[in-house]
Amino acid sequence: MGLWAAGLPSLNDRLDLGPRLLGTVLLLISGGALVSMLAAGPLVDRYGSRRVCWLAGPFSALVLLGPALAPSYWTLAAFAVLFGIGLGACEVAMNAHSVEVERAYGRPIISAFHGTWSLGGAAGGALTSLFLRIGVDGQLVLVVAAVAVALLYLPAARLLLPSAPAGPGSGDGTSGEAGGNGGGSLKWGLIALLGLAAFAGHLSEGAAIDWAALHARWILRTDPAAAPLAYTIFSVAMTTVRLLGDPIRARLGSVRTIRLAGILATCGYALVLASPTAPEALRVACAWTGWALAGVGLATVVPVLFSAVGAAGGRVGRALAMVTAFGYSGLLLGPAVLGYVADAASLPVALVIPAALAAVVTLAGAPAIRSLLRLSAPAPAPVPEPARD
């Protein structure tokens with residue numbers, strides 16, 4: 001994902017896409033991903049997250065060859081759908097497996113997994129910037145990455161848990177209604193609130209992934225080799241906080257953590273939007289500071305939400321698939337919509353949307369987490385009746 005996002009300016013230059021066509025490509029990726037996410041949930045519950053990871057991981061990497069080698073917009077559009085299908089299935093399987101590992105581990109660890117995902121994004125952005133600076137063709141970077149990443153999945157997948165940990169709510173579908181708080185018994189109102197928080201956080205994150213480098217290139221007029229650094233800075237900040245996110249959540253609590261996340265992300269986007277009006281010597285620094293602050297704020301949103309869903313018990317695959325579909329519709333659909341808004345108005349106007357939704361993370365996320373914590377709390381022990389004569 002990091003190499004794809006950082007390589008978008010080069011892909012745009014090679015095929016002369018512009019905001020509208022580029023937004024359509026992102027929309028097609030989102031369509032494929034959303035369909036595969038909804039299908040992956042039942043597959044994870046039936047066959048296990050390990051098997052789905054084995055198949056979806058390498059597939060999602062290899063299909064990147066299509067967009068990388070596409071000679072025209074229409075070829076790019078066709079392969080964008082396949083790329084989205086691979087990404088959607090892989091996301092659901094990986095997140096479901098992270099819940100299984102956290103249960104077996106016995107204490108919070110999901111944020112660290114998302115931190116390593118962000119580490120990959122930061123590495124992809126940095127490597128793309130480095131290769132472009134030394135003169136390597138952007139198309140070649142994506143081709144090599146597609147093959148290399150597919151191979152890297154294989155040794156990693158061998159270390160996954162062979163099956164879901166045994167016990168109540170293990171995700172095997174046998175105890176989803178146990179205690180009345182299984183994942184299958186979550187009310188649709190709560191799912192909608194969780195989905196809104198996930199959608200807002202993912203859209204704000206997706207805007208940075210797909211548009212940070214283009215904002216630097218189009219609005220701040222940075223050179224092509226420096227433009228990907230805007231996304232890299234966002235990813236580095238997100239990675240750092242995600243790697244520290246589990247202790248932060250343990251100290252502040254999930255509700256306070258997600259409330260603070262939305263506030264910081266909103267402030268970060270405000271700096272990005274203000275950067276074109278800053279003195280010329282400070283514009284890039286202002287934008288970079290904003291992207292870093294947005295990364296810090298958005299880092300813990302997804303881990304906190306997914307961990308809370310997993311703690312509620314029940315069928316992890318189906319429950320996570322629903323919340324993930326809500327959320328990743330923001331990550332994948334949002335940037336495409338921003339492309340249309342940017343084409344009709346301007347990119348700064350489009351970025352007002354994720355800035356506003358960053359505040360929604362606080363407004364929807366805090367009450368949703370509070371409700372989930374009540375669901376996952378153990379029922380009080382019954383008080384024994386006094387002995388009767």
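Axes are lines fitted to C-alpha atoms, for helices over the stretch in contact, and angles between their N-to-C directions run from 0 to 180 degrees. The exercises below concern a predicted model.

**Exercise 1.** Determine how the axes of helices H7 and H10 are placed relative to one another, and describe the contact between these helices.

*Solution.* Two packed helices are described by the angle between their axes and the distance between the axes. For H7 (residues 110–133) and H10 (residues 228–243), the axes come within 8 Å and cross at roughly 160°. Angles over 145 degrees count as roughly antiparallel, and H7 is therefore roughly antiparallel to H10. The crossing of these two helices is left-handed. Sorted by class, the residues in the contact of H7 with H10 comprise 11 nonpolar, 11 polar and 1 charged.

**Exercise 2.** Compare the reach of helix H3 with its expected span, then locate its kink and describe what comes just after the helix.

*Solution.* Helix H3 covers residues 18–47, which is 30 residues. From its first C-alpha to its last, H3 reaches 42 Å, close to the 44 Å expected at 1.5 Å a residue. The kink, of about 30°, lies at Ala40, shortly before the proline Pro42. Just after H3 comes Gly48, whose phi is positive, at about 95°.

Terms used. Residues numbered from 1 in each chain as written. Predicted model: local features only at pLDDT ≥ 70, side-chain atom pairs only at ≥ 80, totals over all residues. Heavy atoms only, no water. Helix = DSSP H or I, 4+ residues; strand = E, 2+ residues; numbered from the N terminus. Expected span 1.5 Å × (residues − 1). Bend = angle between axes of the 7 residues up to and from the residue. Parallel < 35°, antiparallel > 145°, perpendicular 65-115°, else oblique. Left-handed = near helix turned anticlockwise from the far one by under 90°. Nonpolar A, V, L, I, M, F, W, Y, C, P; charged D, E, K, R; others polar.
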